[in-house]
Amino acid sequence: MVDAARSFIGRGEELSALAGAVERLARDGIGGLCLIEGDPGIGKTRLARELAESPEASALRVAWGRGWEAGRAPSY
């Protein structure tokens, strides 16, 4: 699972849960989605980066999405 010796502190439980989900989805050969939400500045991007760089995700394609930060999103 996730290497506890890394310098990522305070979100080990969340990172382990996400890594476990990635591992299960990859093992079962199905796609999936994990949504990380919360207030600005609480470490969502860092958590997602740590997951994307984890051994569980190393052989997988990682896609990123972001919310529109400038108010209302433009029309398609």
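**Figure 1. Overall view of the predicted model and its surface.** The accessible surface of the protein chain comes to about 6,300 Å². Carbon and sulfur atoms account for 52% of that area. The model is predicted. Its protein chain has 76 residues, and 18% of them count as buried. The secondary structure consists of 2 helices and 0 strands.

Figure 2. Seven side chains are shown: Phe8, Leu15, Leu18, Ala19, Val22, Leu47 and Leu51. Together they form the largest nonpolar core of the chain, 7 residues in all. Two elements give two or more residues each to this core, helix H1 (12–28) and helix H2 (44–52). H1 supplies the largest share, with 4 residues.

Figure 3. Phe8 is found in the segment before H1 and belongs to the largest nonpolar core. Its relative accessible area is 14%. The cut-off for burial is under 20%, so Phe8 counts as buried. Leaving aside neighbours within four places in sequence, Phe8 is in contact with Leu15, Arg46, Leu47 and Glu50. The Phe8–Glu50 pair spans 42 residues in sequence. In space, the two residues are 8.0 Å apart, C-alpha to C-alpha.

**Figure 4. Close-up of Val22 and its contacts.** Neighbours within four places in sequence are left aside here. The remaining contacts of Val22 are Leu51, Glu56, Ala57 and Leu60.

**Figure 5. Close-up of the largest pocket.** The pocket has a volume of about 930 Å³. Its lining is made up of 25 residues. Closest to the pocket centre are Leu33, Cys34, Ala48, Ala63 and Trp64. H1 and H2 are the elements that give two or more residues to the lining. The largest share, 5 residues, comes from H2. By residue class, the lining divides into 16 nonpolar, 5 polar and 4 charged residues.

Methods: Residues numbered from 1 in each chain as written. Predicted model: local features only at pLDDT ≥ 70, side-chain atom pairs only at ≥ 80, totals over all residues. Heavy atoms only, no water. Buried < 20%, exposed > 50% of the residue type's maximum accessible area, 1.4 Å probe, protein only. Areas by Shrake-Rupley, 256 points an atom, 1.4 Å probe, with all protein chains shown as cover. Core = buried A, V, L, I, M, F, W, Y, C linked by side-chain atoms within 4.5 Å. Contact = heavy atoms within 4.5 Å. 1 Å grid on protein atoms, 1.4 Å probe; cavity = no way out; pocket = protein on both sides within 12 Å on 5 of 7 lines; lining within 4 Å. Points joined across faces, edges and corners; volume = space filled by probe spheres on them. Nonpolar A, V, L, I, M, F, W, Y, C, P; charged D, E, K, R; others polar.
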